[in-house]
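Subject: Structure handover

Hello,

Here is the structure I promised to pass on. Please open it first, then read the notes below.

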Amino acid sequence: MPRAFLVVMDSVGIGGAPDADRFFNGDRPDTGANTLGHIAQACAEGRAEQGRNGPLQVPALAALGLGAAMQQASGTDGGLPPPDGTGRWGAAVETSPGKDTPSGHWELAGLPVPWEWHYFPNDTPSFPPDLSARVAELAGTDGILGNCHASGTEILARLGAEHMQAGWPICYTSADSVFQIAAHEDTFGLDRLLDLCRAIAPTLHAMKVGRVIARPFVGTPEAGFTRTTNRRDFAIAPPGPILTDWVQAAGGHVHGVGKIGDIFSMQGIDDVRKGDDATLMRHLADLVESAADHSLTFANFVEFDSLYGHRRDVSGYARALETFDAGIAPILENLRDGDMMILTADHGNDPSWSGTDHTREAVPVLVAGQGGGPLGTVAFTDVAVSIAAHLGAQATGPGRSFL
């Protein structure tokens, strides 16, 4: 009986987005960005040797067609081995007017974003005064800290001690459509932070800001500060039915792994399993063993993006790819007859590129359990429609099945 597994390798782009010239990191257009290709090139040239060495080793993904998909999208296979006929492979392009997590995931789930997201200016202050005042009011403080574009690690180092002393929440944003609030789990309180984010989210969502993100941290000024795994995203709910709804309507159970529940505001999702990427891989392996017939498991592995892409860490990204490949290999071997697993991505985040933002790229579509051969170029929405067809669910969005 059929089961489906949709695994998003967050930010593992393969270059070649036809509209990359319309998206920027600072003043530089994303034309020529290639997350996987530039990582593979750096590895081959000995420029990604921290914690690893030599050419990029991702044999399980390459066997499904990862290098061939990149060749199709950008004209280079990165030196990866050719597919061995065990998977189908192609490249997917996005139509939504954003290169962010919600845009990519919503479209993979069958619903292109129907509006322009709101982005805060890269100025200080970044936020309108009434918004800052409302956050302070909800927090019960006299003001907020930050009020700027920043990386999460940098702003904690800069403002963590002041936050602990004053008790004011640290509010910051990025090139994404996000409003992030960082607070110390002990001195401010985790529940208080989550309540604050939950309370301010409707205001941000009305502005078409995609996500309010709670960023709890621990530590001391002397020892340094570290973000915890208790991050929580409060995202705008999709404005229409998506893949998860289609599967539930057909009687199937939907499992979320990672931040899927947050991305979709739990729309059409029965249960969620969280943790770091190593833990998520164990959850995925368990669901391959135990998930019921006609179920969908929808997983996001975020650390490629959050730990290495934004920080422009080529060696770290390469290590993460090799670790993921080693973890997914036995899971692929344990798929049952009738299962389908699709491995894809939501956008790019080329760690060799300038700036710190995502990059507009095509993404791989690797299909295990459905024979071998090329798929060609497909749409993000084709992923959702193909999973619906596999599970016997009725798709109500755009796209076509590539099965």
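Start with helix 3 (residues 66-74). Helix 3 lies across strand 4 (87-93), strand 15 and strand 16. Its direction is at about 35° to strand 4. Helices (H or I, at least four residues) and strands (E, at least two) are DSSP runs, numbered from the N terminus. Axes are lines fitted to C-alpha atoms, for helices over the stretch in contact (heavy atoms within 4.5 Å). Angles run from 0 to 180 degrees between N-to-C directions.

Two notes on the source. This is a predicted model, where local features need pLDDT of at least 70, side-chain atom pairs count only at pLDDT 80 or more, and totals for chains, interfaces and linings use all residues. Residues are numbered from 1 along each chain as its sequence is written, and side-chain values use heavy atoms, with hydrogens and water left out.

Eight strands form an open sheet with mixed pairing, in the order 12-11-13-1-14-15-4-16. Strands pair if DSSP finds at least two bridges between them. Strand 12 (271-273) and strand 16 (373-379) are at the edges with a single partner strand each, so one side of each has no neighbour in the sheet. On average, neighbouring strands are turned by 20° against each other, direction ignored. Strand 14 (residues 339-344) and strand 15 (residues 363-368) pair in the antiparallel sense, over three bridges. M341 has A368 in strand 15 as its bridge partner.

On a 1 Å grid over the protein atoms alone, a cavity is a set of points where a 1.4 Å probe fits but cannot get out. A pocket is an open set with protein on both sides within 12 Å along at least five of seven lines. Lining residues have an atom within 4 Å of a point. A volume is the space filled by probe spheres set on the points, which are joined across faces, edges and corners.

There is one cavity of 30 Å³ or more. Its lining includes D100, W117 and R211.

The largest pocket has a volume of about 950 Å³. It is lined by 40 residues, and the closest to its centre are S174, A175, D176, T356 and D357. Strand 8 gives the largest share of this lining, three residues.

The second largest pocket has a volume of about 660 Å³. Of its 26 lining residues, T228, T229, R231, V302 and S306 are the closest to the centre.

Best wishes
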